[in-house]
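This report goes with the sequence and the coordinates shown below. Please read it next to the structure.

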Protein chains: 2
Amino acid sequence: MNHHDRGLKTKAHLIAKSLLPENQETPIHFLEEKITPRSLTFRRNHFPYPKFPIQPFFLTITGSVKNPLIFHYSQITSMPSQTITALLECSGNKRAHFEPKVFGDQWKEGALSQGNWKGVPLSYLLSLTEVNTGAREIVFLGDDSGVKDGQHVHFQRSLPLEKALDQHVIVAWEHNQKPLSPKHGFPFRLIVPGWYGMASVKWLKTIHVINHSFSGPFQTDDYVYYPHKSEDKDSFPVTTNRVNSIIQHPLDRQILKPGKHEITGLAWTGEGVITSVEISVDNGVTWKAASLHNPTQKYQWVKWSISHVFEKNHESTVKVRAFDSTGQSQPDQAFWNRKGYGHNQVSQIKVQIEN
Amino acid sequence: MNHHDRGLKTKAHLIAKSLLPENQETPIHFLEEKITPRSLTFRRNHFPYPKFPIQPFFLTITGSVKNPLIFHYSQITSMPSQTITALLECSGNKRAHFEPKVFGDQWKEGALSQGNWKGVPLSYLLSLTEVNTGAREIVFLGDDSGVKDGQHVHFQRSLPLEKALDQHVIVAWEHNQKPLSPKHGFPFRLIVPGWYGMASVKWLKTIHVINHSFSGPFQTDDYVYYPHKSEDKDSFPVTTNRVNSIIQHPLDRQILKPGKHEITGLAWTGEGVITSVEISVDNGVTWKAASLHNPTQKYQWVKWSISHVFEKNHESTVKVRAFDSTGQSQPDQAFWNRKGYGHNQVSQIKVQIEN
């Protein structure tokens, strides 16, 4: 990540989309590591940061449970833990690429980071409180709040009970071997691998078990796919990460010298694992399989590469499409939706070859 | 520039376009200051950085002069000095906005920074060496070098004698009250206010007076406007900054609450001064004059603003055009050229008004 150019450090930084609230993307084209450093993990906020320090550090589980419980930080962190490596991707990632264009933060490809998360499985916590028969959803309340549509609200999201009991859903207190940072959810953050980032509620304060469907503004207004420009019909909720990829090298519109170049990048999906990545250097006429660098693992991106000899005086359109084990692949055309979620169109760059 | 969000610092950083060589743009939408901090001044390099430290620190003036001279750093820095506030803009600034798209680093609006530069007027140095009759151009050689078109070359640019003798052209050794940083040209950098940044040669080592026209690759191949896709005819050199502007607030595709908002930004030009800035909030049908915040000064940007009441449930296209004292204004359509220089189309954003 830090390049050294004759003794001078050259480093890519977070890329600001807005500062109040803070929304910055990861310089993903310039990262080589499997784990995104904490300082370069993308920041996506709906409201100003909660007041720090948040004390005392309690997590409450209440609602439709047999034993409502309040856990102190020291209790949570001494429970049986699990560490998972998982990527988080904002559902607005690549929003800037929608055509026609949509409103909202114009994320390019870097609302995407991968981290190590250590925490207690949510299912373990729920086994202590026990869930009543008839429970349908679990609502997660973050300590971040502000005015939305004229109302003062907290950021809140729900999961269906079934997903909440998935063994990989954890209440994390560590990120990359350190306590969560204030900007990424200290003291507790829900981590929901395989779902877009909005599900991984930061500054988690209260877990509420309910017998009905939750309908907060971040559940039924935002984070909903609206396929029509003006009407709300045919809408459905944003959940799992769609199969996706980025080309890290070359860069779009880069001028390359003739000869052999490595084409490299990342591919990922929410359900199942990546099974193959295909590259076309002739604008989609023919496709070849790229090499996958690490064994494909659930919830993690896989690095891929292929080398290609580019000929002189030539423009080349490079396309990449990833396939996953559930039979999904990147579409030729993104699924357009009014709020701009889940863009996963076949990745494309154009390069020029010059001497 | 540093916002504080409940005790947490939120800060915009340089935005990487490439790291080897280092090309990073200023987060210009998020800067308020008149003077861009050194750490956020855009970095545009053609080659890896020169080896540091560059010692001994000499500047040679030779060629068609009566008295060829070699100056030591301490001599230069004890000469009569001049301090100027001037912006530097890369001629590739806004390249990403050309349609049809062009190749090269995809700069958005931030290949633009403003600094305080202290140095000795070039005309003073040339008065010491004296220039021979018949001298036509002055060639400036930087210490940065590498392979271009199969040849090992230094970055070199020339100025016509008349421009070189302009009292505001200086050999700078200070940037924002400190010695030049290694990344921005230490020990010496030519500063040519009013011309695009390629003229302000970094790591300046040799000044060569010639009786003919200089034809290095950065003079007659790059930094040339080629109006046609495949042919070189009608080409002409890149020189002065075209009249230009950016909208800093709101951001493109931002969702705003109904009510009064400040529309703010910067405007600048290479020759003359900015005389007015006009805003349209109805996609160019009607225009109003914006307020100019500081007296317009040559070689500096002017901050402008206008407030506007945005109505609910509405999309609005905001356009901005600047006018200068030489009669130039931003065109409705950028002057397309193959290498993507001098983009100065009327600035435009689109916002959505939601409750």
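The model is predicted.

**Chain pair**

Chain A is superposed on chain B by a rotation of 180 degrees with 0.0 Å of shift along its axis, and the RMSD is 0.0 Å. The two copies are thus related as by a two-fold rotation axis. Of the interface residues of chain A, 100% are also interface residues in chain B, so the copies meet through the same surface.

**Domains of chain A**

Chain A is divided into domain 1, residues 15-237, and domain 2, residues 244-353. The table lists values for this pair of domains.

| Quantity, domain 1 and domain 2 of chain A | Value |
|---|---|
| Distance between C-alpha centres | 28 Å |
| Residues in contact | 45 residues of domain 1 with 25 residues of domain 2 |
| Area buried between domain 1 and domain 2 | about 3,100 Å² |
| Part of the buried area from carbon and sulfur atoms | 57% |

On the domain 1 side, A:His29, A:Lys94 and A:Phe98 lose the most area to domain 2 of chain A, and together they give 20% of what that side buries.

**A sheet in chain A**

An open sheet of 5 strands in chain A has the order S19-S26-S25-S21-S22, with mixed pairing. Its edge strands are S19 (255-256) and S22 (288-289) of chain A, each of which pairs on one side only. Strands of a sheet pair through backbone hydrogen bonds, either parallel or antiparallel. Strand S25 (residues 314-324) and strand S26 (residues 347-353) of chain A run antiparallel and are joined by 7 bridges. On these two strands, A:Val318 stands opposite A:Ile349 in S26(A).

**B:Ser113**

Strand S9 of chain B, residues 112-121, contains B:Ser113. Is B:Ser113 buried or exposed? The relative accessibility of B:Ser113 is 3%, and the cut-off for buried is under 20%, so B:Ser113 counts as buried.

Which side chain makes a polar contact with the side chain of B:Ser113? The partner is the side chain of B:Thr26, at 2.8 Å.

Notes: Residues numbered from 1 in each chain as written. Chains lettered and ligands numbered in written order. Predicted model: local features only at pLDDT ≥ 70, side-chain atom pairs only at ≥ 80, totals over all residues. Heavy atoms only, no water. Helix = DSSP H or I, 4+ residues; strand = E, 2+ residues; numbered from the N terminus. Buried < 20%, exposed > 50% of the residue type's maximum accessible area, 1.4 Å probe, protein only. Polar contact = N/O pair within 3.5 Å; in protein donor to acceptor, adjacent residues only side chain to side chain. Least-squares fit on C-alpha atoms with pLDDT ≥ 70 in both. Contact = heavy atoms within 4.5 Å. Pairing = 2+ DSSP bridges. Domains from an automatic or database assignment. Buried area = accessible area lost by both parts, 1.4 Å probe.
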